[in-house]
Amino acid sequence: MTITVDHVSRRFGAFAALDDVSLEIPGGGLVALLGPSGSGKTTLLRILAGLDRPDSGRVIHDGSDLLDRPARERDVGLVFQHYALFRHLDVFENIAFALRVRKRPRAEVRARVEELLRLIQLDGLDRRMPSQLSGGQRQRVALARALAAAPRILLLDEPFGALDAQVRQELRLWLRRLHDEMHVTTVFVTHDQEEAFEVADQVVIMDRGRIVQVGTPAEVFDHPASDFVLRFLGQVNVLGATVAHGQARVGALSLAAPDLPGDERPARVYVRPHELELALSEGPELAPARVVRLTPLGAALRVEVDAGELGRLQAELDRGRAADLGLRAGQEVWIGFRRARVFAEDGRAAA
Amino acid sequence: MSRRRHRALPGFGLALGWTVTWLSLIVLLPLATLAWKSASLGPERFWELASSPRALASYRLTFGAALAAAAVNLVLGTIVAWVLVRYRFPGRWLLDALVDIPFALPTAVSGLALTAVLAPTGWIGEPLRDLGITVVFTPVGIAIALIFIGLPFVVRTVQPVLADLEPEIEEAAAVLGASRWQTVVRVLAPTLAPAAITGFALAFARAIGEYGSVVFISGNRPMQTEITPLLIMTRLENYDYAGATALGLVMLVVSFGMLLVINLLQGWSRRRQVAT
């Protein structure tokens, strides 16, 4: 069942946490709300959970306004960043909580909890207390607890934020598999674009209380709607430029910018490290640079170059290509842009 | 091939030796003297002194009023701690500081102040008198004095645990479908129980031994409003040292027994939530 967020606003004093936000969350989908802190993503999640109320707007789900019902009657599951497990209850009773407060029969509770324990791969640990579990195990218990009463919507607030890198990686894949099995409409909040891309079908990018772009991971990465989105989604080289009549100039290099006609004005050119070309000999549209530093990153090699008036730039190329070039620190090279995006200083128009 | 085991924290032997010596000097030695003095009475004489009707009435009053006061403090102290931790309001720091006043005030001063307020001519005593309720010189007055001096114990033991309890716990309970009442009964009360029981035990222990604030408000009528510590004082003033020590020993044994039970209860409720 689709969740329709309809013109929702929420202010805290003078601060607009959500500024007229509208969004469609497809039923059975897995959507990531992605943005820096203060972008409003957690506020939106809390409104969906019923832990906060918007000042205006509606949230339609299954033909009725979710906002008319208090949190306890919404049938949502919520997973917190810091687990929020009940520390006086063991694993079994934590998971059983939603069923106990609904006064379900004992046999049903036992069967459901055992099913969930198998699902989270913690069978046998049902009598452990939360304090005896690792962070990753606690978060799995929190997830099982949220799923116990078969919620219609599953919400996760930075669910892997408090875990170390390796456990986080495992749990992401596991969450994705779990969702593929259960198809419960899931919304999760994160500030980590890698996490959002890896887990979600659809990414909602938020900035200062507004939604700036919605799309699949590939769409938002390849076609960022603004320079904010572009900068937020991974490392990028930013170069000062001028643009006039559909042509941008960066130092001695020029780039096509057909979306920016009109008279000369300042602009910025964005080049991702893997889109920066390195060559050993001079050519058209190449600028001279000197290799400053080489850093191996798995299958890739990061090369920091000093390109004179263009400043220090980061390039990334695969190890094989790097070996062919025989790169070493201090070497003179030539750089060019395989692909670049130009945004006028004042905003949104892109090339 | 040394048989000594090496520990990560050195100084265990010295620290334990010091602890035992110190506790013996400060706690055990005076108590042993008490037992020794009573033993010199002989069992029959001891029993006669310890179980006189006047003594029995004083035990009932002392332990009964202390238990009632600790129970009231358990509830009210938890509420005060809740308000101080959970809400932000102007003057909160002042309220927080006020909680410690019963700790700092000489108990005789507390007793005088309470008597003045609660006496039939006092601010609270007068309207109460009009309703036909007398507080001063009754067991109720004694319990009120004990509530006053015991309040900080529950507040100060529950407060840190509450502050440590994330509001998210309650939010989680609500989203999982618990009503407000279910959240209190199933989540908050069990989580706070170990700390609250500790506070209760401290308030209770303090109330049993309280003397200064009670003597003013109780009226000290034998068989009715005479607490055991006061009866001991009366015996001492009459140079009846044997009678005083007999009463003292009874108090000691009963208090120790009750605190032991409370400690076991507390250990049990704590074990239920911490790793073993």
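## Polar pairs and salt bridges across the interface

Across the interface of chain A and chain B, six residue pairs are in polar contact, with both residues at pLDDT 80 or more, a polar contact being a pair of N or O atoms within 3.5 Å, of which, within protein, one must be able to donate a hydrogen and the other to accept it, while residues adjacent in sequence count only if both atoms are side-chain atoms. The structure is a predicted model, in which local features need pLDDT of at least 70, side-chain atom pairs count only at pLDDT 80 or more, and totals for chains, interfaces and linings use all residues. Side-chain values use heavy atoms, without hydrogens and water, and residues are numbered from 1 along each chain as its sequence is written.

Three salt bridges are counted between chain A and chain B, each a side-chain nitrogen of Lys or Arg within 4 Å of a carboxyl oxygen of Asp or Glu. R87(A) and E166(B) meet through their side chains in a salt bridge, at 4.0 Å from N to O.

## Extent of the interface

In total, 25 residues of chain A are in contact with 24 residues of chain B, where contact means heavy atoms within 4.5 Å. About 2,300 Å² is buried between chain A and chain B, 58% of it from carbon and sulfur atoms; this area is the accessible area (1.4 Å probe) that two parts lose on being put together, summed over both. R72(A), R87(A) and H88(A) supply 32% of the area that chain A buries against chain B, more than any other three residues.

Methods. Chains lettered and ligands numbered in written order.
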